[in-house]
Amino acid sequence: MLCTPIRITNHAPATNDIGPHEWKLQQPSGILEPFTITGTLGIGQVAPGGAAGKVCFADSGQSATFFLLWPPLFRVGRGVWLLPVSFR
(Lines give C-alpha, C1' and ligand atoms only; values in the text may rest on other atoms or scores of the structure.)
Protein backbone atom coordinates (compact mmCIF):
# COMPACT_ATOMS: atom_id res chain seq x y z
CA MET A 1 0.00 0.00 0.00
CA LEU A 2 1.32 3.47 -0.90
CA CYS A 3 0.01 6.30 1.27
CA THR A 4 0.75 10.02 1.34
CA PRO A 5 -0.38 12.71 3.77
CA ILE A 6 -2.44 15.55 2.34
CA ARG A 7 -3.78 18.83 3.61
CA ILE A 8 -6.68 20.61 1.97
CA THR A 9 -7.01 24.32 2.68
CA ASN A 10 -10.41 25.84 1.99
CA HIS A 11 -10.00 29.54 1.21
CA ALA A 12 -13.73 30.01 0.52
CA PRO A 13 -16.09 31.42 3.15
CA ALA A 14 -18.36 28.34 2.87
CA THR A 15 -17.73 24.61 3.32
CA ASN A 16 -16.64 22.44 0.38
CA ASP A 17 -17.18 18.72 -0.20
CA ILE A 18 -14.10 16.50 -0.05
CA GLY A 19 -13.41 12.82 -0.33
CA PRO A 20 -10.69 10.31 -1.15
CA HIS A 21 -12.50 9.33 -4.37
CA GLU A 22 -11.30 12.61 -5.92
CA TRP A 23 -7.62 11.54 -5.73
CA LYS A 24 -5.64 9.42 -8.19
CA LEU A 25 -2.01 8.32 -8.35
CA GLN A 26 -0.20 8.31 -11.68
CA GLN A 27 2.36 5.54 -11.61
CA PRO A 28 5.75 5.90 -13.33
CA SER A 29 4.33 3.77 -16.18
CA GLY A 30 1.57 6.37 -16.72
CA ILE A 31 -1.25 4.17 -15.38
CA LEU A 32 -3.72 5.95 -13.09
CA GLU A 33 -4.42 4.17 -9.83
CA PRO A 34 -7.66 5.02 -7.97
CA PHE A 35 -7.67 5.49 -4.21
CA THR A 36 -8.27 2.62 -1.80
CA ILE A 37 -10.53 2.80 1.20
CA THR A 38 -7.70 2.39 3.76
CA GLY A 39 -6.65 6.06 3.93
CA THR A 40 -7.69 8.48 6.67
CA LEU A 41 -9.27 11.20 4.52
CA GLY A 42 -13.00 10.77 4.93
CA ILE A 43 -15.94 11.81 2.83
CA GLY A 44 -17.57 15.00 4.04
CA GLN A 45 -17.07 18.72 4.05
CA VAL A 46 -14.10 20.88 4.87
CA ALA A 47 -14.79 24.14 6.67
CA PRO A 48 -12.90 27.31 5.87
CA GLY A 49 -9.36 26.70 7.11
CA GLY A 50 -8.54 23.15 6.12
CA ALA A 51 -8.55 19.43 6.76
CA ALA A 52 -5.80 16.85 6.86
CA GLY A 53 -5.56 13.14 6.27
CA LYS A 54 -3.90 10.66 3.98
CA VAL A 55 -4.88 8.92 0.76
CA CYS A 56 -3.69 5.41 -0.10
CA PHE A 57 -3.22 3.47 -3.32
CA ALA A 58 -2.31 -0.07 -4.31
CA ASP A 59 1.45 -0.65 -4.57
CA SER A 60 2.42 -1.59 -8.12
CA GLY A 61 6.05 -2.21 -7.14
CA GLN A 62 7.37 0.54 -9.43
CA SER A 63 10.21 2.80 -8.30
CA ALA A 64 10.43 6.19 -9.94
CA THR A 65 8.47 9.44 -9.99
CA PHE A 66 4.79 9.33 -9.03
CA PHE A 67 2.24 12.11 -9.47
CA LEU A 68 -0.64 12.69 -7.08
CA LEU A 69 -3.64 14.05 -8.99
CA TRP A 70 -6.72 15.83 -7.69
CA PRO A 71 -9.24 16.23 -10.52
CA PRO A 72 -12.50 16.89 -8.61
CA LEU A 73 -15.75 16.30 -10.45
CA PHE A 74 -18.05 19.23 -11.19
CA ARG A 75 -15.56 21.86 -10.02
CA VAL A 76 -13.15 24.16 -11.73
CA GLY A 77 -9.55 23.52 -10.82
CA ARG A 78 -7.23 20.62 -10.24
CA GLY A 79 -4.02 19.83 -8.44
CA VAL A 80 -0.88 17.90 -9.40
CA TRP A 81 1.92 17.05 -6.98
CA LEU A 82 5.23 15.38 -7.72
CA LEU A 83 5.97 12.68 -5.17
CA PRO A 84 9.63 11.90 -4.55
CA VAL A 85 11.15 8.52 -5.34
CA SER A 86 11.33 7.94 -1.57
CA PHE A 87 7.50 7.96 -1.54
CA ARG A 88 7.64 4.36 -2.67
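Let's start with the sheet: 4 strands form an open sheet, ordered S4-S3-S7-S8, and the pairing is antiparallel. A strand here is a DSSP run of E with at least two residues, numbered from the N terminus, and two strands pair if DSSP finds at least two bridges between them. At the edges sit strand S4 (32-34) and strand S8 (79-83), each pairing on one side only. Neighbouring strands of this sheet are turned by 25 degrees against each other on average, direction ignored; the axes are lines fitted to C-alpha atoms, and angles run from 0 to 180 degrees between N-to-C directions.

A quick word on the source. This is a predicted model, where local features need pLDDT of at least 70, side-chain atom pairs count only at pLDDT 80 or more, and totals for chains, interfaces and linings use all residues. Residues are numbered from 1 along each chain as its sequence is written, and side-chain values use heavy atoms, leaving out hydrogens and water.

Now look at strand S7 (residues 66-70), which is joined to S8 by 5 bridges, the two running antiparallel. Which residue of S8 is the bridge partner of Phe-67? That is Leu-82.

On to the largest pocket, lined by 14 residues, with Ile-8, Thr-9, Asn-10, Asn-16 and Trp-70 nearest its centre. A pocket is an open set of points on a 1 Å grid over the protein atoms alone, where a 1.4 Å probe fits, with protein on both sides within 12 Å along at least five of seven lines; lining residues have an atom within 4 Å of a point. Strand S1 (2-8) and strand S2 (16-18) are the elements giving two or more residues to this lining, and S2 gives the most, with 3.
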